[in-house]
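Student: I have a new protein model to look at, and I would like to learn how to read it. Could you walk me through its features?

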Amino acid sequence: MENTGKDQKVGRWCLVSMASIPLVMTLGNSMLIPVLPIFEKKVDITSFQSSMIITSYSLAAIFLIPVAGYLSDRFGRKIVILPSLILALIGGIIAGFASWKGNDPYTWILIGRVLQGIGAAGATPIILPLVGDLYKGDDEKTSSCLGLIETSNTFGKVLSPILGAAFAAFLWFLPFFSISFFSLISIALVFFFIKVPKKKDEPVKFKAFVHKTKDIFKKEGRWIYTVFLVGVYLMFLLFAVLFFLSDNLEKIHDIYGVKKGLVLAVPLLGLCGASYIAGKKIKDNLKTMKRVLMTSLIVISVSVVFVGYTSEKLVLLLGITSLFGIAMGATLPVLDALITEGIEKEERGTISSFYSSARFVGVAFGPPGMSLVMDKYLNVSFFAAGGVGLIILWLVIKFIEASKSEKGQGNTENAFA
């Protein structure tokens, strides 16, 4: 399934196959958020313990994503992606079977989730450098494709609460098995339709890889670390807010089941649409990327402050969280493009993997963080989150800027402070 041609065309089914990976991995995590209260009742666990079902998945991914990035640079993208999707499939079966037949399934659920997290570590992050490989320096097409990939990710977030609630309404443990089913579809698509260009150069040795990685972070660290920090912040807030909404809709507004999933999907729909539009519009223009990033961070920092204050008024709550979601969606493809287009192909897999790992830090700690503060310190926490957003905005202004030699033209290479 390799291709050596310089003029390789990326077909429709190849795009669908790549988009299926973040879609499946997003379903694998976000689909469980609306049904965590059901898990608490069925398995007899606390709110914090239920949040660990999300966190265990993400923690496993955090530590293994950089390893997967190195392996993909050394041995190839596809050879890492396929076994990872198989692990995600196995993890779903373990968690589902334990919930179905086990008397005390919580530990086995966490084991299954860790396996899924390992699968996520070797699948989703590899897509970013794979897109760069396939388009071979065409930054405009790369940005457009990354927008499609991020839209698939966010579309998964829209579908997740609806599907999760629908599956759980039928059988409370069915969401676990469904993850395995979706992984199987993605495995087939990747195997048959993704044709990765062959590498002509010898793989980089480990010592050389470590040295080169250190050199990249030494030279480009300021803007790279800033992008990483934005990714952590956004994912932490997103999953904290979703966890809060899932709890709030049941306890305050008496909304359950599929209806709850549909309501949760409202702000996520804005996130999905904004991600798609931003991916189409930013192209490879760094000034446009930075403008979108700055505006979105301002909107996120302001809107998140009002989430707690509108918690008892459903229409206002959905309005605020939708605004929050739109700003979030506009930001994500910008971050993807900055990492993918600002790093040379040889190191792209490694650096993008570190970035994905950083995002999973936010995913891991968002739900448990919210579970600890939402009863007594909800509004204070959202105020603090808004303040942190403004600090990060200052870092973006200071460390991500077009070089004088770029003169506003599209190329992002060597265009970072």
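Student: What should I know before I start?

Tutor: This is a predicted model, where local features need pLDDT of at least 70, side-chain atom pairs count only at pLDDT 80 or more, and totals for chains, interfaces and linings use all residues. Residues are numbered from 1 along each chain as its sequence is written, and side-chain values use heavy atoms, with hydrogens and water left out.

Student: How many helices and strands are in the protein?

Tutor: Helices (H or I, at least four residues) and strands (E, at least two) are DSSP runs, numbered from the N terminus. Here there are 13 helices and 2 strands.

Student: What percentage of the residues count as buried?

Tutor: Buried means under 20% relative accessible area, exposed means over 50%, and partly exposed is in between, using a 1.4 Å probe and protein chains only. In this protein of 417 residues, 59% count as buried.

Student: And how do I read contacts along the chain?

Tutor: A contact means heavy atoms within 4.5 Å. Of the contacts in the protein with a separation of 6 or more, 85% join residues 24 or more positions apart.

Student: How do I check the length of a helix?

Tutor: The expected span is 1.5 Å times one less than the number of residues. Take H1: its 19 residues should span 27 Å, and the end C-alpha atoms are 26 Å apart, which agrees. H1 is also mostly covered, with 15 of its 19 residues buried. Helix H7 (residues 174–193) has 20 residues that should span 28 Å, and its end C-alpha atoms are 29 Å apart, which agrees. Among the buried residues of H7 are Phe176, Ile179, Phe182 and Val190. Helix H10 (residues 286–303) reaches 26 Å from its first C-alpha to its last, close to the 26 Å expected for 18 residues. The buried residues of H10 include Leu293, Ile300 and also Lys290.

Student: Which residues touch the most other members of the largest nonpolar core?

Tutor: In soluble globular proteins, nonpolar side chains tend to be buried together. A nonpolar core is a set of buried Ala, Val, Leu, Ile, Met, Phe, Trp, Tyr and Cys residues joined through side-chain atoms within 4.5 Å. The largest one here has 115 residues, and Met18, Leu234, Leu238, Leu293 and Leu338 touch the most other members. H8 gives the most to this core, with 20 residues. Leaving aside neighbours within four places in sequence, Leu234 is in contact with Ile300, Met328, Thr331, Leu332 and Leu335.

Student: What lines the largest cavity?

Tutor: It is lined by 22 residues, of which Thr26, Thr124, Asn153, Arg359 and Phe360 lie nearest its centre. Helices that each supply at least two lining residues include H5 (106–135) and H6 (139–170). Counting Ala, Val, Leu, Ile, Met, Phe, Trp, Tyr, Cys and Pro as nonpolar, Asp, Glu, Lys and Arg as charged, and the others, Gly among them, as polar, the lining divides into 12 nonpolar, 6 polar and 4 charged residues.

Student: Is Ser356 buried or exposed?

Tutor: Ser356, in helix H12, is buried because its relative accessible area is 10%. Not counting residues up to four places away in sequence, Ser356 touches Ile65, Pro125 and Leu128.

Student: And why does Phe97 count as partly exposed?

Tutor: Phe97, which lies in helix H4 (residues 77–101), counts as partly exposed because its relative accessibility is 46%. Phe97 and Phe173 are 76 residues apart in sequence and 8.4 Å apart in space, C-alpha to C-alpha.

Student: Where is Asp44?

Tutor: Asp44 is in the loop between helix H2 (36–43) and helix H3 (47–75). Phi of Asp44 is near 60 degrees, a positive value in a residue other than glycine.

Technical notes. On a 1 Å grid over the protein atoms alone, a cavity is a set of points where a 1.4 Å probe fits but cannot get out, and a pocket is an open set with protein on both sides within 12 Å along at least five of seven lines; lining residues have an atom within 4 Å of a point.
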